[in-house]
Amino acid sequence: MDVLRFTLLGLATGGVYALLAQGVVLIYRGSGLLNFAQGAFAMVGAYAYYQLTVRDHVPRPAAALAAVALCACLGAAFHLYALRPMRRRNASSLSQVIATLSLLLLLQSAALLIYGSYPLNTPSLLPTSTVDLFSGSLTITVDRLWILGVCLVLSAGLYAVYRWSGFGRVTAAVAENELAAASLGHSPDAVAALNWAVGSALAGLAGVFIAPITFLDPSSLVLLVVPAMAVALVGSFASFGVVFAAALAIGLTQSELSRYVSQQGWSTAVPFIVVIAVLVVRGRPLPLRSFVLDRLPAVGSGRRRPGVIVACLALGVLVTATVNANWDTAMVTTFGMSIICLSIVLLTGYGGQLSLAQYVIAGVGALSAAQLDRHLPFLLSVLLAALITGVAGTVLGLPALRTRGVTLAVATLCLASGVVSVVFSNGSWTGGISGIAVSSPSLFGWSIDPFEHPGRYAFVTFAVMVAVAVAVTNLRRAVTGRRLLAVRSNERAAASLGIAVAEVKVYAFFAAAVIATLGGVLLVFVQPTVQMTQFDVFTSILLVGVTVTTGLGYVPGGVLGGLLIAGGILTQALSGWPTAGLYLPLIGAALLLFTLITAPDGSFAVARRAAARAVDAWDRLAARASATWSRKRPRGEARADRGDPVPAAPPPVITIAPKLLEVMDVSVSFGGVKAVQNVSFQVLPGEIHGLIGPNGAGKTTLIDAITGFTPVGSGAVTLAGQDITRWSPRRRSAAGLSRSFQSLELFDDLTIEENIAVACDRRGRLHYLTDLVRPGAISLTAAGQAAVSGFRLAPLLPATPGSVSFGQRKLVAIARCVASGPSILLLDEPAAGLDDAEAAELAALIRRLAMDWGIGVLLVEHKVDMILSICDRVTVLQNGRVLASGTPDEVRSHPEVVDAYLGAGVRTVQERT
């Protein structure tokens with residue numbers, strides 16, 4: 001009967017998880033955002049219920065209703081007054097998600113100020129009498145059964161409402177396409193606000209239910225978001241039924257494991273690990289065509305200023321040598337946290353991999369170094385710990401190979417929670433309450449003991465932070481940085497240019513883990529014993545929040561992020577205010593939220609833009625003064641300064657290896673739908689082969705199959721006689737197969753020159769290390785230079801794709817493909833959106849690529865005149881099958897093509913002639 005008792009207890013816990021997770025699903029469906037404050041709303045509901053029942057003596061049902069209503073109002077107000085202004089300022093989805101983390105911090109800080117961290121007892125809303133089951137052999141309190149029943153009824157009701165009601169259909173429409181829903185008279189803001197209200201109310205109800213079962217504690221209650229996110233993730237943030245079943249399964253598993261597994265933490269961690277495994281199995285190495293990557297915050301250029309670096313080092317020497325020990329300790333905290341924030345800049349700002357586990361990874365590094373310090377010198381211990389943690393970070397990042405975006409964020413959050421529960425809570429590994437004793441650190445015989453020489457230790461921490469900042473800056477300007485930003489911007493386009501997407505992601509996690517290790521080690525070695533209790537999931541989330549707030553894509557933003565952490569320089573500066581330690585978290589959370597609302601790309605981005613405007617104003621004044629001076633000078637003197645114009649260098653001559661592309665009886669199916677059926681044709685070197693057909697004929701699907709983005713069901717694709725049917729997109733690109741996309745899919749975070757340079761970069765893996773020290777300048781290959789010259793892009797190279805016209809972006813997309821020096825080029829509707837003059841110019845360029853460069857071109861286009869005028873051969877698709885194939889004249893006169901695609905008007909003209 002113990003099994004059944006633990007089962008019922010686990011199901012009740014799962015019911016609470018289900019309520020929280022259903023709220024997460026509602027908010028995600030209504031606004032497209034993950035609400036990391038869901039646990040905080042449960043905390044608000046629990047404390048509001050406690051306040052009303054215990055302190056104000058309000059009847060329990062009325063208190064519960066008021067607590068749930070308060071959470072609903074908070075949720076709706078947060079959307080209307082925080083998220084809606086951010087969306088109007090074109091804030092990235094990541095900034096909006098971090099805003100929910102700021103709300104979490106704000107609510108938790110307020111709860112600590114009002115109620116403290118002391119456990120509080122709360123009366124139950126539900127009956128607490130016991131009930132005997134199975135003839136008295138099993139006794140359980142009734143409230144557990146009530147919780148399970150209420151959660152079941154609410155889940156069924158949510159399913160019915162969102163499945164069959166008009167509001168459910170409107171919510172689905174808004175989630176699918178906000179603009180289309182708005183054009184039909186529905187307000188996306190109203191729909192989102194109502195879903196936020198209902199989702200927050202469910203969290204408040206969960207808090208009311210759980211308050212009597214456990215002691216109230218703000219820190220533990222807000223972390224209820226972790227199992228809620230895991231459960232919602234299993235249901236793909238969409239299915240109420242799957243979410244309810246998964247919640248019960250996790251609650252049941254945790255309850256049963258607590259009986260059989262004595263090791264602390266495994267009952268919490270194992271279900272999350274299973275969830276991660278499920279996600280990895282059902283994930284995809286590359287996203288589908290329908291996947292739209294949310295815009296991430298702006299990224300810096302990586303420009304390095306040696307004068308600033310030298311001045312900072314000099315200032316660091318001066319300050320650390322003159323301040324007292326309290327300031328030295330505060331600086332160690334700030335600089336150590338800044339190092340971890342810089343690892344977030346690399347991983348998320350540059351690599352686009354949203355991880356909520358970097359502080360926990362820093363803890364793994366600190367623990368490894370402390371254990372190694374027993375046997376090895378300090379420096380060697382740190383280096384080996386960094387290597388070990390780099391491998392651990394890579395393992396943590398494995399879900400990134402098949403998941404991305406919010407799914408990856410929740411996956412890393414679950415894994416971090418598992419590490420804290422299993423590793424950091426294991427006294428045999430961490431030394432328990434006493435911690436792990438470490439030796440006095442020294443570097444090459446120079447003591448940096450934090451007690452004997454606190455200034456030295458603080459300066460070393462500062463110097464390490466500066467070195468890491470320089471390395472991350474170098475990385476941004478190097479080949480590795482361009483690849484990281486390409487993967488962050490568009491994985492499919494990066495793979496089509498030969499970038500090993502999985503390799504780049506693994507590197508980002510490895511390098512970020514190594515950097516985080518340095519910060520973690522410096523933070524804990526400031527004490528004679530290493531305590532692992534400071535490394536928690538909550539602070540891990542907080543560090544991502546402060547980095548986004550200060551500037552996720554900027555190295556100075558990472559440096560400034562450490563200033564916002566309690567216990568650092570800012571705390572020390574306010575030490576004269578006795579209650580600063582109490583109010584600083586609340587003030588900091590409010591400032592974080594305000595900054596995100598007013599400056600979604602971070603405070604450093606605002607300062608940078610203001611400085612740029614000031615420089616521009618100065619340049620304009622200087623230009624006016626120069627023009628005035630020039631008018632006053634004699635003409636002869638002005639002419640003498642000009643000199644002869646320098647003739648433009650001729651475009652380089654390149655050689656393309658001629659290769660034959662053969663598509664033989666290729667078929668592609670999606671479930672029961674046959675998108676492409678037994679299609680065969682060839683693309684010869686120097687030939688333009690047109691591929692036409694009505695919408696839905698399978699043209700883009702066929703290109704995806706040829707280039708490796710869609711698996712081939714049957715048939716084969718060969719290049720130069722070699723079967724490439726099972727090759728990855730990257731391997732096909734390296735073999736000489738390049739493609740463009742209907743939606744261009746340029747890397748918006750890179751300049752046009754950097755976009756083209758990505759296609760030219762073919763360096764080995766050693767650059768992953770050397771780029772940290774010596775980034776080098778952009779050097780385009782002969783093909784890249786010829787592409788820039790042939791497409792007349794030289795004046796546009798410093799610009800970003802978003803700042804030039806649509807027609808110019810089209811040219812950049814094709815030039816980027818050509819820059820890789822392909823033997824076969826596949827162009828997917830390159831003339832779409834261009835006027836007749838632009839299309840004619842593009843047609844001439846494509847013709848030159850085939851005739852002058854010898855590139856074989858497969859051209860998919862709806863402009864039939866263009867296809868028939870420049871193509872050597874044309875294949876017509878209809879319903880995934882080849883309708884006709886031949887020369888343009890043969891296709892033009894083909895009766896079935898005329899009837900099915902070219903139109904009856906063409907047949908009439910042909911009959912008259």
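Buried means under 20% relative accessible area, exposed over 50%, and partly exposed in between (1.4 Å probe, protein chains only). The model is predicted: local features need pLDDT of at least 70, side-chain atom pairs count only at pLDDT 80 or more, and totals for chains, interfaces and linings use all residues. Residues are numbered from 1 along each chain as its sequence is written, and side-chain values use heavy atoms, with hydrogens and water left out.

**View 1. R792 has a positive phi of about 55° although it is not a glycine.** R792 belongs to the loop between α33 (782–790) and α34 (806–819); helices (H or I, at least four residues) and strands (E, at least two) are DSSP runs, numbered from the N terminus. R792 counts as exposed because its relative accessibility is 59%.

**View 2. F444, likewise not a glycine, has a positive phi near 55°.** The loop between β4 (442–443) and β5 (446–447) holds F444. With 78% relative accessibility, F444 counts as exposed. Most residues other than glycine have a negative phi.

**View 3. D761 and R482 form a salt bridge, with their closest N and O atoms 3.4 Å apart.** A salt bridge is a side-chain nitrogen of Lys or Arg within 4 Å of a carboxyl oxygen of Asp or Glu. D761 lies in the loop between α31 (752–760) and α32 (767–770) and R482 in helix α20 (residues 479–489), so the pair ties together parts 279 residues apart in sequence. D761 counts as buried at 8% relative accessibility, and R482 counts as buried at 3%.

**View 4. A salt bridge joins the side chains of D704 and R739 (2.6 Å, N to O).** D704 in helix α29 (residues 699–707) and R739 in strand β12 (residues 737–739) are 35 residues apart, and the pair links distant parts of the chain. Both D704 and R739 are buried.
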